[in-house]
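I opened the model and kept short notes on what I looked up.

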Amino acid sequence: MNEIICPHCHKAFKVDEAGYADILKQVRDHQFEEELHNRLALAEKDKQSAIQIAEAKVREALQEQLAQKETALIQLKSEKEAELAQKLAQKETEVAQLKAEKTNELTQLKAQLDNAEVAKKLAITEAVQKIEKERDNLLNEVKTKELEKQNLESTLVQEYTAKLQSKEEIIKYKEEEIARVKDMKAKLSTKMIGETLEQHCETEFNKLRATAFQNAYFEKDNDARSGSKGDFIYKETDEAGNEIISIMFEMKNEGDETATKKKNEDFFKELDKDRNEKKCEYAVLVTMLEAESEYYNTGIVDVSHKYPKMYVVRPQFFIPIITLLRNAAMNSLKYKAELALVRNQNIDITNFEEKINQFKEGFARNYDLASRKFQTAIAEIDKTIIHLQKTKEALLSSDNNLRLANQKAEDLTIKKLTHGNPTMKAKFDELK
């Protein structure tokens with residue numbers, strides 16, 4: 001136990017070691033805090049003093065640098081002013097020299113202008129003399145052209161009158177022909193139009209019957225026992241009576257004013273039925289229906305993809321289709337003869353099939369060649385039609401060209417010749 005005397009009451013009391021240690025710790029902590037406070041106060045004073053000293057040093061350094069910059073600026077300003085004054089003096093010298101040179105040049109140019117003025121007056125005098133000479137020549141030419149114009153006007157008027165009369169006669173004839181055809185179409189019934197096409201085809205065939213179709217049969221189909229009939233049947237045999245070819249023909253036409261417009265395809269089924277009932281090998285529809293169809297206007301149209309051995313043609317291909325099919329049949333005639341011989345001699349069926357295939361290939365090849373020739377012929381016919389159409393248009397437009405030529409001849413006047421030429425206008429005014 002330790003005995004401690006209180007500093008205030010001066011009484012003694014005893015504490016154990018733990019209490020004594022605690023009191024000692026309190027005393028030490030209080031002293032430490034006071035010492036720490038004193039040290040912090042001293043440090044703050046030292047810091048403030050250091051800051052003031054640093055600020056003073058920085059202020060002195062900045063003032064010294066500012067003084068140096070001001071000195072350098074003054075020196076640079078004086079140098080630039082001296083340099084500028086030197087350049088200004090140099091420029092003034094150059095300007096003075098340039099003024100002197102320009103004065104000399106102006107003097108020379110003035111002298112040249114004086115010389116050019118004299119030359120200009122001489123050139124004007126010469127040009128005036130040349131123009132007066134050209135004027136006189138042009139007056140003579142104008143008089144000559146006036147005479148030529150009068151002669152040309154009279155010639156053109158005569159030619160125009162003659163051609164106009166000729167054109168009027170041609171146009172009048174064409175108009176009468178068109179009116180006649182329209183009148184004929186108006187008077188024809190639908191049946192008469194169809195019969196007209198039949199008569200046309202029959203007439204075309206009869207023109208060649210005696211020379212090209214001596215052994216041919218071409219007559220109207222009058223057998224209506226099955227309920228229908230075609231228009232014509234064509235058959236041809238050789239000298240031994242063997243049939244070479246047979247064709248069932250149907251003719252279809254249509255007037256411009258017909259109310260119900262039929263199509264070619266509407267007649268395929270009936271035509272195929274007539275072909276089979278009359279035992280004809282081919283069926284051909286000669287038609288004027290669907291006049292605007294590019295498909296049917298190409299020439300000979302093969303429609304065997306719908307009905308076997310059937311073709312559609314325009315009237316101009318009536319004879320060519322007969323010739324095409326007849327020639328193909330004539331080429332296959334020898335195969336038919338051989339086929340008959342094979343049948344009579346009981347030749348092996350293999351050879352029979354080979355001959356049939358050769359016949360088919362030969363027929364297809366001949367048809368293809370003939371079809372190409374016809375396509376070429378059709379193309380040439382189209383070119384000829386186009387050329388004739390252009391010729392027709394050129395003839396019809398010649399009237400307008402003659403009228404324009406006459407207007408140009410009438411518009412050729414002295415006023416227009418002298419337009420834009422004041423010299424010639426003045427000369428003509430003097431002549432008037």
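I started at Ser246, which is found in strand β5. Strands here are DSSP runs of E, at least two residues, and helices are runs of H or I, at least four, numbered from the N terminus. The model is predicted: local features need pLDDT of at least 70, side-chain atom pairs count only at pLDDT 80 or more, and totals for chains, interfaces and linings use all residues. Residues are numbered from 1 along each chain as its sequence is written, and side-chain values use heavy atoms, with hydrogens and water left out.

Is Ser246 buried or exposed? I found Ser246 buried, at a relative accessible area of 0%. Buried means under 20% relative accessible area, exposed over 50%, partly exposed in between (1.4 Å probe, protein chains only). I then checked its side chain, which reaches the backbone nitrogen of Glu281 at 2.8 Å. A polar contact is a pair of N or O atoms within 3.5 Å; within protein, one must be able to donate a hydrogen and the other to accept it, and residues adjacent in sequence count only if both atoms are side-chain atoms. Leaving out residues up to four places away in sequence, Ser246 touches Tyr234, Lys235, Lys279, Cys280, Glu281 and Tyr282. Contact means heavy atoms within 4.5 Å.

I followed Lys279 next. Helix α3 spans residues 268–277, and its buried residues are Phe268, Leu271, Asp272, Asp274 and Arg275. They cover an arc of only 160° around the axis, so they lie on the same side of α3. That arc is taken from the directions from the helix axis to the C-beta atoms. Their cover includes β5, β6 and β8.

I went back to Tyr234. Beyond four places in sequence, its contacts include Phe205, Phe218, Ser246, Phe249 and Arg326. In the largest nonpolar core, of 32 residues, Tyr234, Phe249, Val284, Phe318 and Ile321 touch the most other members. Such a core is a set of buried Ala, Val, Leu, Ile, Met, Phe, Trp, Tyr and Cys residues joined through side-chain atoms within 4.5 Å. Elements giving two or more residues to this core include α2 (190–212), β5 (243–252) and α5 (349–411). The largest share, 9 residues, comes from α4. Apart from this core lies another, of 12 residues, among them Phe268, Leu285, Tyr296 and Met310.

Last, I noted the totals. The protein has 7 helices and 8 strands. Of its 432 residues, 21% are buried.
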